[in-house]
Structures are given as C-alpha cells and as structure tokens.
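Subject: The structure, and what turned up in it

Hi,

Here is the structure for you to open up. Have a look first, then read my notes beside it.

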Amino acid sequence: MLDVRSVTKRFGGLVAVSDVSLTVPEGSITGLIGPNGAGKTTLFTLISGFQVPTAGEVLFRGEDITGRAPERLAVMGIARTFQIVQPFAGLSVAENIAVGAYLRHAGRAEAMARAEAVAAMVGLADLDRPASSLTVAGRKRLELARALATEPQLLLLDEVLAGLNPSEIRDIIPVIRAIRDAGVTILMIEHVMQAVMSLCEHVHVLANGRLIAAGTPAEVVGNPAVVEAYLGHGAAGRLQKGAANG
Amino acid sequence: MFRSYPPQIVLEAVLNGLLTGAVYALVALGLTLVYGVLHIINFAHGAMLTLAMFAVLVVHLGLGLDPYLAILPLTPLFFGIGYAMQRFVISPASRNDDGAILLVTLGLSIVLENLLLAIFRSDTRSLTLDYSFSVVDLGFALLSLPRVIGFGVAILVAAALWAILALTDTGKAIRAVAREKLGASLVGIDVNHIYAVTFGLGAATLAVAACLLMPSFYVNPRVGNAFVLVAFTVVVLGGMGSIPGALVGGLFIGVVESLCGLYLGESLGQIGIFLIFILVLLFRPTGLFGAKA
Amino acid sequence: MKAYRSLLVVIAALAALPLAVPLLVGAGLFAGPNTFYNLMIFILIITLAAQGWNIAGGYGGQFSFGHAAFFGTGAYVQAVLQTRYGVNAWVALPLAALLGGLVGAAIGTLAFRARLRGSYFALVTLAFAEVFRILANATPITGGAAGTLVPLKIGLGQMQFASSTTFFYLALTFVAAVLLLNRALERSRFGAWLVAVRENEDAARALGVDTLKVKLKAITLSAAITAVAGALYTQKFLYIDANIAYGAWISVEALLAPIVGGIGTVLGPFIGAVALIGLGEAAKTAIHAVFGSAVPGVDLVVYGVLLIVVIAFAPRGLLGLFGKFDLFARFGIFGKRGGR
C-alpha cells in the first residue's frame, strides 16, 4: 500500500534520513522502531507531506505522492497522529473529532454522528466536555479518534503509547488491533517493545537515519545490529557472553 | 512623472536622508534589541519615544536644560521606566504569552499616547534654540547642525550598545538569554531581570533619540507613531534582532524617505517606506541583510 | 433551532430598547433620546466592525492590526459611488461589502501565502492600512485631505432618515444578521476548521484541512463585514476623510471590542463595544464634571487600561468572567469560546 523508495532528507550538513526504503503491505500493522534521534519522526514527516525529501520517492497505492501537501494526502486516505498531542483547545471532545469527520461529511449532523461512532471505537466517553480537560491517556485516544474520523486507508501513528502507564497501554492495544481489523493499514513508530511484539507483523529498524534491519519482531529483536544500535557498540557480544555464562 | 534634479540637490537629499536615517536607526535599535532577546514586538515603542520627547520639552521649558545635556538625566530615567514597565506591567500581565504581549504593549501605547494628549493637548510644539537653524557648510552641501550632531551621537550610541552587549557581564547574560533562555536560567541567570534590563536599554536609547531629535524636530502626542512604523520597517529590513542590521537599515530608510519625498512630494513620500516594509515582510521576512530567522 | 434561541432573545431585547429610552432619559442618564440613539448607533457600527475582526482574529487566530483597511474601503466605496457616480445608497452598500471583501482577499493572499503569522501578520496588516490612508489622503477621487461629503438628502431611497430610531434599527438589523451568521458559522464545517487552524495548523492539515483556503475565506468574510460597518458609518455621519476611514482608531476599536468582550464568541464583540464605549463615555463625563471642560484622550486611556486589565485578569474577556459564575452559561445565553 505504501512504498518508500530510497528516501533521503538532509538539513544543511546533517543527514536525518539516509536512503531508506520500506514497504507497508495492505492490511498490515507495520512497526518502525529505533533509538532516539534515529530519524523515525523525520521519516514520518516526509511520508505525510509536512516536509519534502531531498531525494527518493514515496508511493501510495502505486501513485507518486512525494512532497504532496498533508491536507491533500488526508483526502487521498492517509492520516497521521502527532507524538506531542495537542487537542484543539477551544472545542469539545466531539467537535475535535468532528474536525476530522468533516473531511468526508460536510454537514454538522453527519459529522457529529461520525465523531460519536469513532469515539465509541477508541473508547472515549463524555464527549461534550472541553478537550483540554482530558488526561494524557484521553488525549492519546482523542488524537487517534481525530485521525480515524478522516476515514483513512493508511494510518501513521507516531508513538501513541508514549507517556501511558502499563495498564493504559494494555487497554489501548486492542483498540489499535480493532482499527486494523476494520480495514485500516497501520504504520506505527513505537518505543514500547511489548506493544510492537504483540501488534506488528513486520518491523523496520532505523538507526542514525539508516535502515539497519527488517523482519518479524522476533527476528529483529534477535538481530545483533539492532541490539548494538540501542545499547551501544559491542553490546550484542557482551549480552551473548552474558547469556552463555548465565 | 519624475522630475530631474541637478546632482547637487540629489546629493543633499541623500546626505539629509543619512542624517535622519541615523536617528531612525537609533529608534530601531531599542526595538530590535527587545525583539532579539524577548522575541516580542514592543508596540509601545513609539509611545515611549513620544514620552521621551515630551520629557525633553519639559526639562527644557521647566529647568532650562539644553536638550543635549538632558541626555544625562533622561537616559538613566528612561532605563528605569523601561525596566519597570517590563518587570511590573508587561511580564505579569501577559504571562509571557506572545499574543498577550503584543496586545499589552498595544494597550500601553494607547494609554501613554492619550495620557500625553490629555496633559499636553494635540498642539504641535518645538523648541527654539540658538542653534536650531545653524548649518554646517560642507562646500557642496549645507546641512543642519543639530542633525549632524544627531548623526554623530546616534552612531556613538550604537557603538556603545554594541560594546555593552559584547564586553560587559550583563551584556553577555543578555546574549545568553537571547540564544537559549532555558539554558541561561539553568546556569543561574535571572531571566526576568535580563528581560527587564533589555527593555530598559531599549527605553534608554529612545531617551537619547528624543534628545537628539528635539532641537530640529517637533513633538505632539502622535509623533511617535510616525517613527515607530519607520522603526518597524528598519528592524524588518535589517533582520529582526540584528544591531548592525538596524544601523544599516536605518540609514537606508532615511535615504529612501528623503528621495521619495524629493520625487513624489511630502505626502506620498512615506509610502515608499511602507511599501518596502510590506515587500520585505512578504518576500524576505529574515531581512535584506541576511540575518538568520 | 435551540442553538439560536438565546441569540434571538438578545436580539429581541435590543429591538425593544427604544421602549426604555424615556426611562433612561428620565433617569438623567442621557441628555435626550437623540444622545442615546447616537451612542447606540455608534456602538452598533463598532460592533459590526468588531464582529468582522472576530471572524479572522477571534475564531481564526489571525490578529489583524489593520482592519481600518477594510472599514475605510467600505466607507469610501459607499461615499464615492454616491457622490461621484450617482449610485443609489442601497446599491452602493453591497458593493462596499464586495470591495472590502476583495481587499481582504488580496491582503490575505499576500500575507498567508508568505506564511506570515502572529506579530508579522499584525504588522503587515497595519502597514497596508497605513498605505491606504496615505493614498486616500493624496488621491483626488477620495477628495484627498478635504475628505468626501455625502449631500444630505433625507429619504428611504437615500438611506438617510429623519429619525435616528430608524437608523438604529438599520444598524441593529446588520448586527443581528451577523450574530446569527456567526452562530451558524460556529456550527458549520468552516467554523470547526477555522478554530482548528487557530489552535494548531499542523494538526489541522493532517486532518485534511486546507489551512490557506480556510484563512483566506475567513479574512474575506471578515473584511466584507467590517466594510459594511464602514459603509454604515458613511451613511450615519455623511462625511469621511482618510484619518477617519483608514485611521488606526478603527483598527484598534475593531480588535479591542472582541478581546474585551470575549474573543472568538458570538456576543463578545457587542459586549466589548458596549463596555468600551460605555466606560469611555462615562470617563469623559466624569472628567468633564471634575475639570469643568472636556479633556481629549480620556476615553482612549480607559480603553488602553481596560485592554491591559482584561489580558491580565480575564484573558477570555468579560464573557469568560461571567462564565466563571456560570450565570449566563446556565441560561445558555452566551456560547462558549469557539464552540457550539
């Protein structure tokens, strides 16, 4: 569904994303992991049209969408969430979701009805209160709901689980699975490995702007290059030695 | 449409433009300094200039103090006023929110301007001094003495401001806050104090500018408006926050205004400034002289 | 209809105001009925200008410091079309709105395409208004510095009325129409998108909102409404010059009223205009009583102080202050900020 082909992004002398290629098959939940500063969020901004790649191309259903504006991508069926969630402060929870729903439903009644349906799906209740009164977990669900309300085919999730406690994470994992089961393809940046292991069929690992590994979560976790990227040079060897000794 | 003038008149217009431009630069210095450090636009800048000009008028009429000597008491006084204004009005009222700062300084400018209007009424006043109409004869051009003095002192003040920022501890603290507010506060710099000092310095430059302007200019409660828009233009042109930019921008705008006045007439002369302002904002918001955004 | 009921109550109350005039005059609050009506008409014209500002500034978060550009365009179109081209006042009015809207669209296109926001947008709008003021002061078609005088010809066809009550109702009709339009806007897709743009442009774009288009629509509508206020000003006072039409005073009033009343709310501009102009008049009267003569600028000092005080202590304006006590909210008279 999504093809990223040799995408590179430079900021002055800094190469944030270097020659990254990856594919997200239709109907999958694909993970994008990597240490902090690896370029994951930059790659997201390139795919979602907030920035234009220095080189390479992005294809959605075979169509070249490189550098196309985010609002046009949303119309095509690509939605994204943001790592730092910011509800529209002046609006109620329902109206926040309706901002997304208006994309495909011009009338207020239909948009609000759609917003309610989406809210139920992500487990948000009490929709008339101001969005600014939501807890962190509530804001994460709202972020998810707003994006879903645009009725996307591809959903890009940027750390929706960050900042949640283990029980909140446990609650939201089935929601993400249900979204996929409803026919939405998902590409997610995630740090919470427990969630990646249980949700993703396929994982890409980014370090220093480069793709260093790809495969099933189990394969990737066992990959020495990945362990080194996370824990530092030589870590994989030490871990293996430790495992052999222990 | 364009009349052609003999080169001498054009040259004189350019020189006069440079003289006016130096004072514009001085007015713009305070604005750009505050922008560079606090990242806010001080809308009360023009009204504070008006206040300073009335202060010059009052100390001259009341105490018989020569405007140039008035620099000595008024500069520290206005430093204090600027410091207090930021510390006790702008900062607490706006909670350091950008939009709120813009509106609070707008409110301050309305209050100041109209208090002056209530006290001094809308009459335009000027000082009569022995040297008001003295001229300097360069051989090829006649220049007004007060404006030549104004030019010289303005350049000196710009250099002094630069020296304060570059050489003193407070100056270093100001530059640290301008670059990295959080980091500066972590190493123990009192950011609110530095903000207020910056504001005070901005107001102090206005006091000097007022003293330099009064011998050759007039004052009324609205006079600051004319300068502040020019100062905004200078600041935008020179790059927001850049002191050399403000100096070059001020001189440039002075010349543009002078030439526009010569060719388009007084009433349309100002349009050149605003058009430059709009064009720069629209197409080169980082300024013509390459300052970083 | 429920969403509009409270507004209709407010409008009905305003329409019934003339009934209270004998009482107000009797109580010594106003010198005579005409003093009252002139003040009310002025408040309504400022309200209309402020309602325009509130759409781009309040709902959309695009703080213009130069709404005089639109007010003045409306005022001059209304005056010049009548005096120079013999156009009927009722025909001139929609043209004034149209041209005001076009000026808004043009300034908006330039400013928003250049991605100006916040202080930069405020400054560029201010500069445009100044350019217009200087041009209007220097070009013959506007009457130059002498201004334009619309000849006094009382008659319904001329939109000039012998009784100021009639003009009060005319101005009220426009204000009421914009109140209802505003409520409809709050409940529309455009309104939701506009607030989303104010709160977070990137998040809005990710949800498919074409932020440039939304902002352009907002500034165009905003400008057109403020231009109607200018046109009404011309009809009421029958004289304008560059410093009235394009002067900074109207830019300030248009932005002050919604901020003081309640930014991004339907009734904020009206509440703010009443508070500002009411307090200003009260201050003038008080000073006159103390000093025995009028002192210029007193009302504006009050405006400035009020602006600072509101920002410091009631960032959501007077309406937000009332909302704290839940008094008006309970009766649903005043909508909440941006919502509903």
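Predicted model: local features only at pLDDT ≥ 70, side-chain atom pairs only at ≥ 80, totals over all residues.

Residues are numbered from 1 along each chain as its sequence is written, and chains are lettered from A and ligands numbered from 1 in the order in which they are written.

Let's start with chain C. Against chain B, 32 residues of chain C touch 35 residues of chain B (contact means C-beta atoms, placed from the backbone, within 7 Å). On the chain C side, α6 (118-138), α12 (248-261) and α14 (298-313) each give two or more residues, and α6(C) gives the most, with 13 residues. Helices here are DSSP runs of H or I with at least four residues, strands are runs of E with at least two, and both are numbered from the N terminus. That side splits into 26 nonpolar residues, five polar and one charged (nonpolar is Ala, Val, Leu, Ile, Met, Phe, Trp, Tyr, Cys and Pro; charged is Asp, Glu, Lys and Arg; the others, Gly among them, are polar).

The contact between chains C and A takes 22 residues from chain C and 26 residues from chain A. Here α8(C) gives the most to the chain C side, with six residues, and the make-up of that side is nine nonpolar, six polar and seven charged.

Next, strand β3 (residues 29-33) of chain A. Five of its five residues are buried, so β3(A) is largely enclosed by the rest of the structure (buried means 20 or more other C-beta atoms within 10 Å of the residue's own, with C-beta atoms placed from the backbone). A:Ile29, A:Gly31 and A:Ile33 are on one side, and A:Thr30 and A:Leu32 on the other. β3(A) pairs in the parallel sense with β8 (residues 185-189) of chain A over four bridges (pairing takes at least two DSSP bridges). Four bridges also join β3(A) to β9 (residues 202-207) of chain A, again parallel. A:Leu32 stands opposite A:Ile189 in β8(A) and has A:His204 as its bridge partner in β9(A).

Finally, helix α4 (residues 98-120) of chain B. At 1.5 Å a residue its 23 residues should span 33 Å, and its end C-alpha atoms are 33 Å apart, which agrees (the expected span is 1.5 Å times one less than the number of residues). After α4(B) comes B:Arg121, with a positive phi near 60°.

Cheers

Technical notes:
Contact = placed C-beta atoms within 7 Å. Buried ≥ 20, exposed ≤ 12 C-beta atoms within 10 Å, placed from the backbone.
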